Amino acid sequence: ETYLTGDKVKHGGKFYEAKWWTSNNEPGKEWGAWTIVGDKCEGSDLEPDVEPVEADVDDKDDIIIDESENEIDDSNIIHESPHDGPPSKAKAEKREQELTDTPIFDMVKQSISTIKSSDVDEIDIGNGNNPVNVKRVEKIMTEDQYEYLFPVRDPAYTYRRFLQAIGKFPALCD
């Protein structure tokens, strides 16, 4: 059960008040979400004392369970023998194509595509050959603004390397 700040409960013959929102915290612990109120509690907002109850189970009742409700249709699963060893490259590529040939997967691949590292190395501040997304970031944040926003940083984190990181992922700021 969930209790809000100020909720009062009776537990173990004592009354407690919730200090804050709480759930599954037993009143009466040395540290916790509850403050002891005492042996008496006033107010109509008192939660009733709740004791755990065990359900009566009659083993003699015949319960009919339709196990087919819980069956899993695995007719589309390809069962391969573990003794065949790893698949050939062609077989693995064919299976990959089957699993990834969807429009949503194409969008994911495009969003995480990267450019070659040699092209990233060519990215520099103000370079007219920079990728479009890097040029866009250069317009949004100048080197002076970068220095102002990140004055305390590892020396390796330069504005140029920031631009190179943006350029590595063409979909970023596209």
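Analyst: A residue is called buried here if its relative accessible area is under 20%, exposed if over 50%, and partly exposed in between, using a 1.4 Å probe and protein chains only. The model is predicted, so local features need pLDDT of at least 70 and side-chain atom pairs count only at pLDDT 80 or more, while totals for chains, interfaces and linings use all residues. Numbering starts from 1 along each chain as its sequence is written, and side-chain values use heavy atoms, with hydrogens and water left out.

The setting comes first. The protein chain holds six helices and six strands, taken as DSSP runs numbered from the N terminus (helices H or I, at least four residues; strands E, at least two). Read from the N terminus on, the order is β-β-β-β-β-β-α-α-α-α-α-α. Of the 174 residues in the protein chain, 16% are buried. Contact means heavy atoms within 4.5 Å. Among contacts between residues at least 6 apart in sequence, 43% join residues at least 24 apart.

Now the rings. The structure contains five aromatic pairs. Rings of Phe, Tyr and Trp (its six-membered ring) pair if their centres lie within 6.5 Å; planes under 30 degrees apart are stacked, over 60 edge-to-face, and the rest tilted. One of the pairs is Tyr-3 with Trp-34, an edge-to-face arrangement with 5.2 Å centre to centre and 75° between the planes. This pair links distant parts of the chain, since Tyr-3 is in strand S1 (residues 2-3) and Trp-34 is in strand S5 (residues 34-38), 31 residues apart. Tyr-3 has 16% relative accessibility and therefore counts as buried. Trp-34, with a relative accessible area of 8%, is buried. Another pair is Tyr-146 with Tyr-159: the ring centres are 5.6 Å apart and the planes stand at 55°, so this pair is tilted. It also links distant parts of the chain, with Tyr-146 in helix H5 (residues 143-149) and Tyr-159 in helix H6, 13 residues apart. Tyr-146 counts as buried because its relative accessibility is 6%, and Tyr-159 counts as buried because its value is 3%. Ring pairs also join Tyr-146, Phe-150, Tyr-159 and Phe-162 into a cluster.

Two members of that cluster, Tyr-159 and Phe-162, also take part in the packing of H6 against H4. The axes of helix H4 (residues 132-140) and helix H6 (residues 159-168) come within 8 Å and cross at roughly 140°. Axes are lines fitted to C-alpha atoms, for helices over the stretch in contact, and angles run from 0 to 180 degrees between N-to-C directions. H4 and H6 are therefore oblique to each other; under 35 degrees would be roughly parallel, over 145 roughly antiparallel and 65 to 115 roughly perpendicular, with the rest oblique. On the H4 side the contact uses Asn-133, Val-134, Val-137 and Glu-138, and on the H6 side Tyr-159, Phe-162, Leu-163, Ile-166 and Gly-167. By class, the contact has six nonpolar, two polar and one charged residues, where Ala, Val, Leu, Ile, Met, Phe, Trp, Tyr, Cys and Pro count as nonpolar, Asp, Glu, Lys and Arg as charged, and the others, Gly among them, as polar.

Asp-121 belongs to helix H3 (residues 117-121). Leaving aside neighbours within four places in sequence, Asp-121 is in contact with Arg-160 and Gln-164. Asp-121 and Arg-161 are 40 residues apart in sequence, with 9.2 Å between them in space, C-alpha to C-alpha.

In strand S5, the strand of Trp-34, there is also Ile-36. Ile-36 is partly exposed, at 49% relative accessible area. Not counting residues up to four places away in sequence, Ile-36 touches Lys-14, Phe-15 and Tyr-16. Lys-8 is 28 residues from Ile-36 in sequence and 9.5 Å from it in space, C-alpha to C-alpha.

Lastly, Cys-173 sits in the segment after H6. Cys-173 has a positive phi of about 60°, although it is not a glycine. Most residues other than glycine have a negative phi. Cys-173 is partly exposed, with a relative accessible area of 35%.
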